[in-house]
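Biologist: Please show me the sequence and the structure together, so that we can go through the details one by one.

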Amino acid sequence: MSFNPAIEELIAKGYGRAVTIGAFSTGIVGGGAGTILDLDQPEAVIGVPAGYCIRPIVIFAQVQTGLAATDNDENEILFAVDSLGLWTGDGTFTSENPSNMRSDLDKGSACRVGSAFTADMTTTPGNGGAAADPVLDIELARMVKTYEIEGTATSTHWDRGVELAYAPTYPPFLVGPCSLLVYFGGTVANIGGFAQLMWVE
């Protein structure tokens, strides 16, 4: 990631935020019961309200994958944006309280941040439409990995982990109302996953 003086200055002024999904060595198993990506049960959401803007600096995700069972079992990680829909705060999830990227300043954010959804969430369009499933009209980064079985499931090409890093040179301006969403999962249930999100707002 290259040096960006504008973002550096915003962090220095206290506008940087950071949140960690998963705790120490225990990852989360969120939407889709840890298996396939579930549009309305993401692993993390940042809901950006009207009147605010965020610029994602870094999004990392690391997933502990389960054992492959058949040819072409796969795992995915997806970072995406609903550019018109604000997360309404519904669903069953873990509420997150972001840290300031200046360690001498208090936690907190104007954005609503949640993780590990196990019941459906919705977003509300800025034009006043009805709440609905998120619409992922901007994909920031994606990873898809498939596996080949050599004879039996115990001799698969499987490294027991997948990861994705997004650290843009030119971070997008995500102007509220909108939502940034993180997903991970696959055709085999994950053991758990972690994510680190950093942004200026």
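Biologist: How many aromatic pairs does a search of the whole structure find?
Modeller: This is a predicted model, in which local features need pLDDT of at least 70 and side-chain atom pairs count only at pLDDT 80 or more, whereas totals for chains, interfaces and linings use all residues. Residues are numbered from 1 along each chain as its sequence is written, and side-chain values use heavy atoms, with hydrogens and water left out. Rings of Phe, Tyr and Trp (its six-membered ring) pair if their centres lie within 6.5 Å, and they count as stacked with planes under 30 degrees apart, edge-to-face over 60 and tilted for the rest. By that criterion, the number of aromatic pairs found in the whole structure is three.

Biologist: Which type of aromatic pair do Trp87 and Phe93 form?
Modeller: The two ring centres are 4.9 Å apart and the planes are at 80° to each other, which makes the pair edge-to-face. Where accessibility is concerned (buried means under 20% relative accessible area, exposed over 50%, partly exposed in between, with a 1.4 Å probe and protein chains only), Trp87 is buried at 0%, while Phe93 at 29% is partly exposed. The type of pair is therefore edge-to-face.

Biologist: Which residues do ring pairs link into a cluster?
Modeller: Phe93 also pairs with Phe117, in a stacked arrangement with 5.2 Å centre to centre and 25° between the planes. Since Phe93 lies in strand 6 and Phe117 in strand 8, this pair ties together parts that are 24 residues apart in sequence; strands (E, at least two residues) are DSSP runs, numbered from the N terminus. Phe117 is buried, with a relative accessible area of 0%. The cluster that the ring pairs build consists of Trp87, Phe93 and Phe117.

Biologist: In which order do the six strands form the open sheet?
Modeller: Two strands pair if DSSP finds at least two bridges between them. Strand 6 and strand 8 pair in the antiparallel sense over three bridges, and four bridges join strand 8 (residues 112-119) to strand 2 (residues 44-48), again antiparallel. The pairing in the open sheet is antiparallel, and the order of its six strands is 6-8-2-15-4-10.

Biologist: Which strands stand at the edges, each with a single partner strand?
Modeller: In the order 6-8-2-15-4-10, one side of each edge strand is left without a neighbour in the sheet, because each has a single partner strand; these are strand 6 (92-95) and strand 10 (138-146). From one strand to the next the twist averages 20°, where the axes are lines fitted to C-alpha atoms and angles run from 0 to 180 degrees between N-to-C directions. The strands at the edges are strand 6 and strand 10.

Biologist: Which residue in strand 8 stands opposite Ile46?
Modeller: Gly47 faces Arg112 in strand 8, and Ser95 has Gly114 in strand 8 as its bridge partner. The residue opposite Ile46 is Val113.

Biologist: How many residues apart in sequence are the parts that the pair of Glu201 and Arg17 ties together?
Modeller: A salt bridge is a side-chain nitrogen of Lys or Arg within 4 Å of a carboxyl oxygen of Asp or Glu, and Glu201 and Arg17 meet this criterion at 3.8 Å, N to O. Glu201 lies in the segment after strand 16 (192-200) and Arg17 in strand 1, so the parts tied together are apart in sequence by 184 residues.

Biologist: Is Glu76 buried or exposed?
Modeller: The side chains of Glu76 and Arg142 meet in a salt bridge of 3.0 Å, N to O, and this pair links distant parts of the chain, strand 4 (residues 74-82) and strand 10, 66 residues apart. Arg142, at 40% relative accessibility, counts as partly exposed. With a relative accessible area of 18%, Glu76 is buried.

Biologist: Which side chain of opposite charge is nearest to Asp40?
Modeller: Asp40 is found in the loop between strand 1 (16-21) and strand 2, and its contacts (heavy atoms within 4.5 Å), leaving aside neighbours within four places in sequence, are Ala119, Asp120, Met121, Asp133 and Pro134. Lys and Arg count as positive and Asp and Glu as negative, while His and the chain ends are not counted. Asp40 is buried yet has no salt bridge, and the nearest side chain of opposite charge, 15 Å away, is Arg142.
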